[in-house]
Amino acid sequence: MTTYADVNAAGTADDAWSLVVPLKPLARAKSRLGPAVGGPLRGRLALAFAEDTVAAALAVPGVRDVVVVTDDPVAGAALSALGARIVPDVPGAGLNAALAHGARAVRAVRPSARVAALNADLPALRPAELGRVLAVAGQFGRAFLADAAEIGTTFLSAAAGVELEPAFGGASRRRHLSSGAVEIRLAGVDSVRRDVDTGEDLAAAVALGLGPRTAARWVPAAG
């Protein structure tokens, strides 16, 4: 297995990243979270997760822009207000097709852009931690970060001139390794790995410290 430890590299303006964040329509998002939080709150939390993810990503010095691929008008308006660029999910063929479409939309404007896919459900995301992940990712053609369970993936990057080749969903860590992407192994980036699909995941994110929009929706509801 190819891994890479922490480095001190820092991005420059010329090395700025474009991040692609996919988001399902809110009515269908986070279905596995429903039993823990209730149906009406599920969609509102899915949006809050995305808002905190996008806000944190835009606060990273090395990030030039964030492209959100979604067909949800409510989510699109809210995330656009934070500074994201909204791209309709024209393929309509699932997560990986949406990510590839978002990467193409980035490179239609900036052909030599560094691009990274980032999950939309990282409500505890810390800009400094994402910055460290990006610094390591910048050393490789393609690199990825496994989720907290070490089964899935929360982040996948592609250098200028390199195709993203996303293979998210289920046991994507193994698929990204098999595709030749380098696995980023860093301590202290838990917030970048902590995606939320279940009530247990949400409790773990609470322990890390929720972003303000998720906290505003969840803390009062949780009592």
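This is a predicted model: local features need pLDDT of at least 70, side-chain atom pairs count only at pLDDT 80 or more; totals for chains, interfaces and linings use all residues.

Salt bridges that share partners join Glu-183 and Arg-185 with Glu-150, Arg-173 and Arg-193 into one network.

| Salt bridge | N to O distance |
|---|---|
| Arg-173 and Glu-150 | 4.0 Å |
| Arg-194 and Asp-201 | 3.0 Å |

The side chains of Arg-173 and Glu-150 meet in a salt bridge that links distant parts of the chain, since Arg-173 belongs to helix H6 (residues 172-178) and Glu-150 to the loop between S6 and strand S7 (153-158), 23 residues apart. Arg-173 is buried, with a relative accessible area of 15%, while Glu-150 is partly exposed at 28%. In the pair of Arg-194 and Asp-201, both residues are buried.

The largest nonpolar core has 38 residues, and those with the most contacts inside it include Leu-118 and Phe-155. Helix H2 gives the most to this core, with six residues. Leu-118 touches, among others, Leu-19, Leu-130, Phe-155 and Val-192. Apart from this core lies another, of 18 residues, including Val-67 and Phe-144.

The largest pocket has a volume of about 910 Å³; of its 35 lining residues, the closest to the centre are Lys-24, Lys-30, Leu-95, Asp-121 and Asp-197. The lining divides into 12 nonpolar, 11 polar and 12 charged residues.

Methods:
Residues are numbered from 1 along each chain as its sequence is written. Side-chain values use heavy atoms; hydrogens and water are left out. On a 1 Å grid over the protein atoms alone, a cavity is a set of points where a 1.4 Å probe fits but cannot get out, and a pocket is an open set with protein on both sides within 12 Å along at least five of seven lines; lining residues have an atom within 4 Å of a point. Grid points are joined across faces, edges and corners, and a volume is the space filled by probe spheres set on the points. Ala, Val, Leu, Ile, Met, Phe, Trp, Tyr, Cys and Pro count as nonpolar, Asp, Glu, Lys and Arg as charged, and the others, Gly among them, as polar. A nonpolar core is a set of buried Ala, Val, Leu, Ile, Met, Phe, Trp, Tyr and Cys residues joined through side-chain atoms within 4.5 Å. Buried means under 20% relative accessible area, exposed over 50%, partly exposed in between (1.4 Å probe, protein chains only). Helices (H or I, at least four residues) and strands (E, at least two) are DSSP runs, numbered from the N terminus. Contact means heavy atoms within 4.5 Å. Lists of a residue's contacts leave out its neighbours within four places in sequence.
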